[in-house]
Amino acid sequence: MKTGTRLLVVLLGVAAGAALIAYYIVSYLMVTPHAVAATVTGPRQARLTLQTVASFGHKPHQDWVSYLARDSHGTWHHTTVLKVPAHATVHVTIYQYDTATGLRNPFWGRPEGIIGDTMTVDGKPLRELDPDLASHTFAIPDLGVTVPLKGVPDNAKNQCSVAPCTLAQAHTTVTFAFRTGKRGKFRWQCFVPCAAGFILGFGGPMQTLGWMDGTLEVV
Ligand SMILES: [Cu+2]
C-alpha cells in the first residue's frame, strides 16, 4: 500500500472511531428520562416506591431489565431519575419481580448506609442476603447506600414480563430507609450484572439511564 493510501485509511479509521464516540455521548446525554418525585409524607419524611422488572415489555427494548418509579398518584413511570428532599428520611419500598442473578461480590449481600443497617424482605427484618439470591441492587455510592434485592424463585408461578407489574404477580417486597444530606445530584445504579444477552451481564440496560442506572436529585 502506498503511504498516501495508508494515511487515508488511518484517517478514515480515526474519523469513524470519533463519530462512534460522539454518537455514544450525544445519545447518552439526550436520553434523560423525566423525574419522579418521592411523596412527602411529613416534615423531613418522604416515601419512594420503585419496581424492578425482568423485561420492560415495550419499545424500544422489550427484553431489557429495568427499574420503574411510582409517582404520588400511584402511576408507574419508566424512569430512574428520582427527586427526594434534602436532610430527610426517605422510606423506600421496592417491588422486585425479577429472578435472581447473583452478586459477583458477596460483600454487597449486606445492606449498608440504611437506617438500622436492616432491610425488610416480605415483612421480615434481614441484615444480610445470600448473595446468590440477589436479583438487583439499589446503590447510591456517594451516599454509602447499597441494598441487595432478593429475586423471585425461578419456578415462581405468575411471573411478570410486561411492565408495570402488579402486586398480583410474583414478587418480593423490600423496604428500607436512608437519610439524605445536602442538595445535589448523585448517581445510583444496580451492581448485579443483570443485563442478559450482554457480555458478562454488563452493557445495555446496565449502562443506560432509565433502566439500571439513575440519578438521585436531592432538592
Ligand atoms: Cu440490575
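This is a predicted model: local features need pLDDT of at least 70, side-chain atom pairs count only at pLDDT 80 or more; totals for chains, interfaces and linings use all residues.
Let me begin with the metal. The copper ion is held by four residues, namely His-136 through ND1, Cys-190 and Cys-194 each through SG, and Met-212 through SD, with distances of 2.1 to 2.4 Å. The angles among the 4 donor atoms run from 98 to 124 degrees, and the site is classed as tetrahedral. For reference, the ideal angle for four tetrahedral donors is 109.5 degrees. Along the sequence, the donor residues follow the spacing H-x53-C-x3-C-x17-M. His-136 belongs to strand β10, whereas Met-212 sits in the loop between β13 and β14, so this pair ties together parts of the chain that are 76 residues apart in sequence. As for accessibility, His-136 is buried, at a relative accessible area of 0%, and Met-212 is likewise counted as buried, at 0%.

Turning now to strand β7, what are its partners, and how do they run? On one hand, strand β3, residues 45-53, is joined to β7 by 8 bridges, and these two strands run parallel; within that pairing, Thr-49 has Thr-93 of β7 as its bridge partner. On the other hand, β7 is joined by 8 bridges to strand β12, residues 172-179, and here the strands run antiparallel, with Thr-89 standing opposite Arg-179 of β12. Of the 8 residues of β7, 7 are buried, so the strand is largely enclosed by the rest of the structure.

That brings me to the salt bridges, of which a search of the whole structure finds 2. In one of them, Arg-110 pairs with Glu-128, and the closest N and O atoms are 3.7 Å apart. Arg-110 lies in the loop between β7 and β8 and Glu-128 in the loop between β9 and β10, so the contact ties together parts that are 18 residues apart in sequence. Both ends are partly exposed, Arg-110 with a relative accessible area of 38% and Glu-128 with one of 47%.

The other salt bridge joins Arg-187 to Asp-213, with the closest N and O atoms 3.8 Å apart. This pair links distant parts of the chain, since Arg-187 is in strand β13, residues 184-189, and Asp-213 is in strand β14, residues 213-218, 26 residues apart. Is each end buried or partly exposed? Arg-187 counts as partly exposed at 40% relative accessibility, whereas Asp-213 is buried, with a relative accessible area of 5%.

How values were computed: Residues are numbered from 1 along each chain as its sequence is written. Side-chain values use heavy atoms; hydrogens and water are left out. A salt bridge is a side-chain nitrogen of Lys or Arg within 4 Å of a carboxyl oxygen of Asp or Glu. Helices (H or I, at least four residues) and strands (E, at least two) are DSSP runs, numbered from the N terminus. Buried means under 20% relative accessible area, exposed over 50%, partly exposed in between (1.4 Å probe, protein chains only). Donors are N, O and S atoms within 2.8 Å of the metal (3.2 Å for Na, K and Ca); water is not among the atoms, so sites may look incomplete. Four donors count as tetrahedral if all angles lie between 85 and 135 degrees; four count as square planar and six as octahedral if opposite donors are over 155 degrees apart and all others between 65 and 115; anything else is irregular. Two strands pair if DSSP finds at least two bridges between them.
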